[in-house]
Amino acid sequence: MAAYKHHAFSSFIILMLFPLLLQFQFGKSELQLNYYSESCPKAEEIIKQEVAKLYYEHGNTAVSWLRNLFHDCFVQGCDASLLLESVNGIESEKASGRNFGMRNFKYVNTIKMALENECPSTVSCADVVALSARDGIVMLGGPHIEMKTGRRDSNESYAKIVEEFIPNHNDSMSSVLSRFQSVGIDVEGTVALLGAHSVGRVHCVNLVHRLYPTVDPTLDPDYAEYLKGRCPTPIPDPKQSNTRGTTVKRP
Ligand code: HEM
Ligand SMILES: *[C@@H]1O[C@H](CO)[C@@H](O)[C@H](O)[C@H]1NC(C)=O
Ligand SMILES: *[C@@H]1O[C@H](CO)[C@@H](O)[C@H](O)[C@H]1NC(C)=O
């Protein structure tokens, strides 16, 4: 989507973002730079190429990789549990309402398949999630950041626990800050991470409560008018409660 090409990141935000996201992972002592240098020397290059190729075909993929990293890593570490499907009546993380609007999962498979062709069963999905976010940020105009690899994939994923970790769209500031603090991220770090919202979209259902019945006075009045134009009704059509609904692209 061409529109995303305008969404350049502030390098201030990005420079702060990565060290913070890296803190999410547990057992980081096992991680190392270039973990696949012997087992799959081209791994990082392949991911970078696939991310670029996908970006030119579907610009919003890069945005998805960034959100994926947050939603994977914040829920019990960067272990690709975000990608697991529901089985035997166990609802996986994907089924959580907190993951509403997440998209492009099929293209994670595209990246993984390219790796499987080169070196089968070697590169973890968790590293694909991490490195695709790193490379996606470059496509969006951010800097390239070195990232350690060697994450292991989880075989467990539960929708229920997502809500303990990922805040809801209408959580209070103090609740958001305490959630981030519980994983070791301070106020400044939280603000920097929320800079990720400089790109991507939000569905009207997630913001109409700030527009109707009265406009939230903390919103810029011109921007609020623009948002009302994009989300003209206080109760968006339930059919819009999916990724095809009316959306607002940011900024
Ligand atoms: C208080 C914490 C956060 C809350 C409550 C939150 C909530 C949301 C919501 C409601 C959406 C829109 C979903 C939709 O309507 O389609 C969204 C999108 C997004 N979020 Fe967050 N988020 C938070 C933190 C983060 C962080 C830390 C990152 C990454 C570092 C992030 C990355 C993104 C991205 C890239 C999108 C756009 C996705 C797309 O366009 O496909 N978010 N978030
Ligand atoms: C995941 O793997 C662990 C250890 O191998 C095992 O104990 C557990 O039952 C597995 N969980 C599922 C849902 O398969
Ligand atoms: C927040 O939004 C959810 C729906 O996403 C709603 O069920 C809940 O009541 C809202 N909470 C507050 C405090 O407004």
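Select Asp79 and show what lies around it. Leaving aside neighbours within four places in sequence, Asp79 is in contact with Ala126, Arg151, Arg152, Asp153 and Ser154. Keep in mind that this is a predicted model.

Is Asp79 buried or exposed? Count the other C-beta atoms within 10 Å of Asp79: there are 25. The cut-off for buried is 20 or more, so Asp79 counts as buried. Asp79 sits in the loop between H3 and H4.

**Stop 1: Gly77.** Stay in that loop. Gly77 also lies between H3 and H4. Here the count of other C-beta atoms within 10 Å is 19, and Gly77 is partly exposed.

**Stop 2: Cys125.** Move to helix H5, where Cys125 has its place. Cys125 is buried, with 23 other C-beta atoms within 10 Å. Beyond its neighbours within four places in sequence, Cys125 is in contact with Ala80, Leu83, Lys112 and Asp153. Asp153 is also among the contacts of Asp79. Next, draw a line from Cys125 to Val108. From C-alpha to C-alpha it runs 8.6 Å, while the two residues are 17 apart in sequence.

**Stop 3: the largest nonpolar core.** In soluble globular proteins, nonpolar side chains tend to be buried together. Which residues touch the most other members of the largest nonpolar core? Select Val51, Val128 and Val129: in this core of 37 residues, they do. Then colour helix H2 (43–57), H3, helix H4 (105–118) and helix H5 (125–139). Each of these elements gives two or more residues to the core. H5 supplies the largest share, 9 residues.

Go back to Val51 and show its contacts. Setting aside neighbours within four places in sequence, they are Ala62, Trp65, Ile111, Ser132, Asp135, Gly136 and Met139.

**Stop 4: ligand 1.** Show ligand 1 and the 23 residues around it. Which of them come nearest? They are Arg67, Gly101, Ala196, Gly200 and His203. H3 makes the largest contribution, with 6 residues. Colour the shell by class and you get 11 nonpolar, 8 polar and 4 charged residues.

Why does ligand 1 lie between two domains? Colour domain 1 (2–198) and domain 2 (201–249) separately. Both give residues to the shell around ligand 1, so the ligand lies between them.

**Last stop: the whole protein.** Zoom out and switch to cartoon view. The secondary structure comes to 9 helices and 4 strands. Follow the chain along the sequence and the pattern reads α-β-α-α-α-α-β-α-α-α-β-α-β. Colour by burial next: 31% of the 251 residues count as buried. Residues 24 or more positions apart account for 76% of them.

Conventions: Residues are numbered from 1 along each chain as its sequence is written. Chains are lettered from A and ligands numbered from 1 in the order in which they are written. This is a predicted model: local features need pLDDT of at least 70, side-chain atom pairs count only at pLDDT 80 or more; totals for chains, interfaces and linings use all residues. A residue is near a molecule or strand if its C-beta atom, placed from the backbone, lies within 6 Å of it. Ala, Val, Leu, Ile, Met, Phe, Trp, Tyr, Cys and Pro count as nonpolar, Asp, Glu, Lys and Arg as charged, and the others, Gly among them, as polar. Domain bounds come from an automatic or database domain assignment. A residue is buried if 20 or more other C-beta atoms lie within 10 Å of its own, exposed if 12 or fewer, and partly exposed in between; C-beta atoms are placed from the backbone. Two residues are in contact if their C-beta atoms, placed from the backbone, lie within 7 Å. A nonpolar core is a set of buried Ala, Val, Leu, Ile, Met, Phe, Trp, Tyr and Cys residues joined through C-beta atoms within 7 Å.
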